[in-house]
Amino acid sequence: MAIIRCGECGRAISDRAQACIGCGAPLNTPAGFNLTPQRSISPPLTRRQLRQRALLSVSLLALGVLAASALEHRAAGHRVAATLAALLLICGLCACVVTLLQGVASRRS
Ligand SMILES: [Zn+2]
């Protein structure tokens, strides 16, 4: 939810309101249909949160690498374990990328 200004009277109102609470003017951009790109309303992550997420994603990735290398030395046939290792790797990689992007974003703002 964000606070916007009424185009008619200039009063600060919620963007979820159907009409201005001051003058009753209808809002032409209902929240559900606003397709213009907006910045995230949630506050940027703190350094501590970022560090925690980075640690989590890196450990996930490391776990995937460990599992994959452990499987490599064994005979084939561990399909479930191999799938799990691959999933861990992919999730860890994604988490790393997301955390990296969040870190860049929070540094910019
Ligand atoms: Zn108004």
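1. Basis of the model. The model is predicted, so local features need pLDDT of at least 70 and side-chain atom pairs count only at pLDDT 80 or more, while totals for chains, interfaces and linings use all residues. Residues are numbered from 1 along each chain as its sequence is written, and side-chain values use heavy atoms, with hydrogens and water left out.

2. Overall architecture. The chain has two helices and two strands, taken as DSSP runs numbered from the N terminus (helices: H or I, at least four residues; strands: E, at least two). Along the sequence these elements follow the pattern β-β-α-α. Strand S2 covers 12-14 and helix H1 covers 47-72, whereas helix H2 comprises residues 79-108.

3. Burial and surface. Of the 109 residues in the chain, 17% are buried; here buried means under 20% relative accessible area, exposed over 50%, and partly exposed in between (1.4 Å probe, protein chains only). The chain exposes about 8,800 Å², and carbon and sulfur atoms supply 63% of that area. Accessible areas come from the Shrake-Rupley method with a 1.4 Å probe, and for residues only the protein chains shown count as cover.

4. Contacts along the chain. Contact is defined as heavy atoms within 4.5 Å. Among contacts with a separation of 6 or more, 37% are accounted for by residues 24 or more positions apart.

5. For four tetrahedral donors, the ideal angle at a metal is 109.5 degrees.

6. Cys6 counts as buried because its relative accessibility is 5%, whereas Cys9, at 42%, counts as partly exposed. Leaving out residues up to four places away in sequence, Cys20 touches Cys6, Cys9, Ile13, Ala25 and Leu27. The structure holds zero disulfides, a disulfide being a pair of cysteine sulfur atoms within 2.5 Å. Gly24 lies in the loop between strand S2 and helix H1 and counts as partly exposed because its relative accessibility is 43%. The C-alpha atoms of Gly24 and Cys9 are separated by 9.5 Å, the two residues being 15 apart along the chain.

7. The nonpolar core. The largest nonpolar core consists of five residues, namely Cys6, Ile13, Cys20, Ala25 and Leu27. Such a core is a set of buried Ala, Val, Leu, Ile, Met, Phe, Trp, Tyr and Cys residues joined through side-chain atoms within 4.5 Å. Ile13, in strand S2, counts as buried because its relative accessibility is 2%. Beyond four places in sequence, Ile13 touches Ala2, Ile3, Ile4, Cys6, Cys20, Ile21 and Leu27. The C-alpha atoms of Ile13 and Ala2, 11 residues apart along the chain, are 8.4 Å from each other.

8. Thr99 is found in helix H2 and, at 10% relative accessibility, counts as buried. Apart from neighbours within four places in sequence, Thr99 is in contact with Leu50, Arg53, Ala54 and Ser57. Val98 also has its place in helix H2, but counts as partly exposed at 44% relative accessibility. Val98 and Arg53 are 45 residues apart in sequence, and their C-alpha atoms are 9.3 Å apart in space.
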